[in-house]
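Subject: Structure handover

Hello,

Here is the structure I said I would pass on. Please have it open while you read the notes below it.

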Amino acid sequence: MYDSTNPYLNGNYAPWREEGDAFDLEIEGELPRELNGALYRIGPNPHFKPLGRYHWFDGDGMVHAFLLRDGRAAYRNRYVRTEGLKAEMKRGRALFGGLLEQPREMSPELPPFKNTANTNIIGYANRLLALLEASSPHELKPETLETVGLFDFEGKVTGPVTAHPKFDPVTGDLLFFGYQPFPPYVTWYRASREGKLIESRPIDTGLPVMMHDFIATDNYAIFFVCPSVFHLENAAAGKPIFAWEPQHGTKIGVMNRKTGDMKWFQDEAFFIFHFLNAYEENGSLIVDGCRMKSLDMTGSSFGGNPPLTWQWNLNLKDGSMKQRQIDDVSNEFPRFDERLAGRKHRYGYFAGGNPGSPEKETSFKALLKRDYKTDKLEVHDLGKHFAPGEAVFVPRNSKSSEDDGWVLAVWYDEQLNRSEMVVLDAQNFAGAPVARIKLQHRVPWGFHGNWVPAQ
């Protein structure tokens, strides 16, 4: 049914179209009773055979929920019923082109493009939101995963919303932005913890680019303008709408959250998908993230250069910038204790290659824990047949220290062709898992997820 030559349609990238529920899952070890809530994960999972060239970013969003309570575990998965997917389900086939294809069958009853809602999922304002950076979020019911519909902040946000909003740890406000191929290229937003829009502000980046993530501190929002440039005219010719143009370099914009004033730093061209965190220190902003030399959206390797851990020091007093590569271990999907969002952190968690492997791996075969104070790197590797997705840190309780809690991730066992959710003790990261929750099927490779505690 699917293209056997496309890596994004085979192996654990291949679609898993079944929806269902499983209760009282097998648990190896003992699930901590403090883990009372749900780990939600989301990723691309095409419901129908794709039209033309399929890219990983094109698939329909499917939510996978691991529901934990009283030491027991259940699982539920559902597609996000977007308008585009509902139209395709009515016709019984794919109707939309993707990132590498020109639009298809643009009839009046179809939306102009498919909001796949496949990139991130967060708990916000007593709602569950599935996010795609090119459009509005979709609201889901947290227990059943039923799709409610688009969430647009009571009609006050009509443009795109990033898939990587941040929570202000003091106010609970949601900090986010949207980017688009025409001015204003970027718009900054802030909404209350209740879901009310408080602030919006246009930002002139000077260049229409793909901007997947941003980062914020108490007083600043930081935007990396990497030169993956929009070219909408390419769509009609069946070419990618993003082109890597290194002659522009990468600009880093720092917005004062109180005044809106911008300060700009200029650097050589590079690309960032994800940031770990940022904080203010002695008149500078310290930013941690995963840096790539370039970005190519046309193939299966994003240009063939691995993401590596870097740190930037942006001096707000004299406008100078320092940066350093932390190590040469391939890693991505950075996460940390988000109670420290915008504050100085010590630990970061990544999916990455195993630095102890005799082979120089660029695929993710292990979870990594980095101590930014001691430069120590700890590795958790389940074995050569296993590979992890993004890790999520869950604190033991609201007053526990930064390192006191659990690291949750979904791992794929390629030998058995099934997945499991693994719980690690963050303070014994390289040790044996605390618990392994077994599924009887696989969870396709996805993007992001978050822990939502029980209400």
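**Helix α1 and its two sides**

On one side of helix α1, E83 and K90 are exposed. Please keep in mind that this is a predicted model.

The helix itself spans residues 83-91, and its buried residues are G84, L85, A87 and E88. These four lie on the same side of α1 because they cover an arc of only 160° around the axis. In general, an α-helix has 3.6 residues a turn, so residues three or four places apart point the same way. What do the buried residues of α1 pack against? They pack against β5, residues 72-79. Just after the helix comes G92, which takes a positive phi of about 80°.

**R41 in strand β3**

Strand β3 covers residues 37-44 and contains R41. Is R41 buried or exposed? Its relative accessible area is 8%, under the 20% cut-off, so R41 counts as buried.

The R41 side chain has polar partners. One is the side chain of E390, with a polar contact at 3.2 Å. Another is the backbone oxygen of F447, which lies 2.9 Å from a polar atom of the R41 side chain. Leaving aside residues up to four places away in sequence, R41 touches M62, V63, H64, I121, E390, V410, G446, F447, H448 and G449.

Strand β32 runs over residues 435-438 and is covered on both faces. A435 and I437 are buried on one side, and R436 and K438 are buried on the other.

**A four-stranded sheet**

There is also an open sheet of four strands, in the order β24-β25-β26-β27, with antiparallel pairing. Its edge strands are β24 (331-335) and β27 (377-380), each of which pairs on one side only. Neighbouring strands in this sheet are turned by 30° against each other on average, direction ignored.

Within the sheet, β24 and strand β25 (residues 347-352) are joined in the antiparallel sense over three bridges. One of the residue pairs is N331 with its bridge partner G352 in β25.

Regards

Key:
Residues numbered from 1 in each chain as written. Predicted model: local features only at pLDDT ≥ 70, side-chain atom pairs only at ≥ 80, totals over all residues. Heavy atoms only, no water. Buried < 20%, exposed > 50% of the residue type's maximum accessible area, 1.4 Å probe, protein only. Arc of directions from axis to C-beta. Contact = heavy atoms within 4.5 Å. Polar contact = N/O pair within 3.5 Å; in protein donor to acceptor, adjacent residues only side chain to side chain. Pairing = 2+ DSSP bridges. Axes fitted to C-alpha atoms, helices over the stretch in contact; angles between N-to-C directions.
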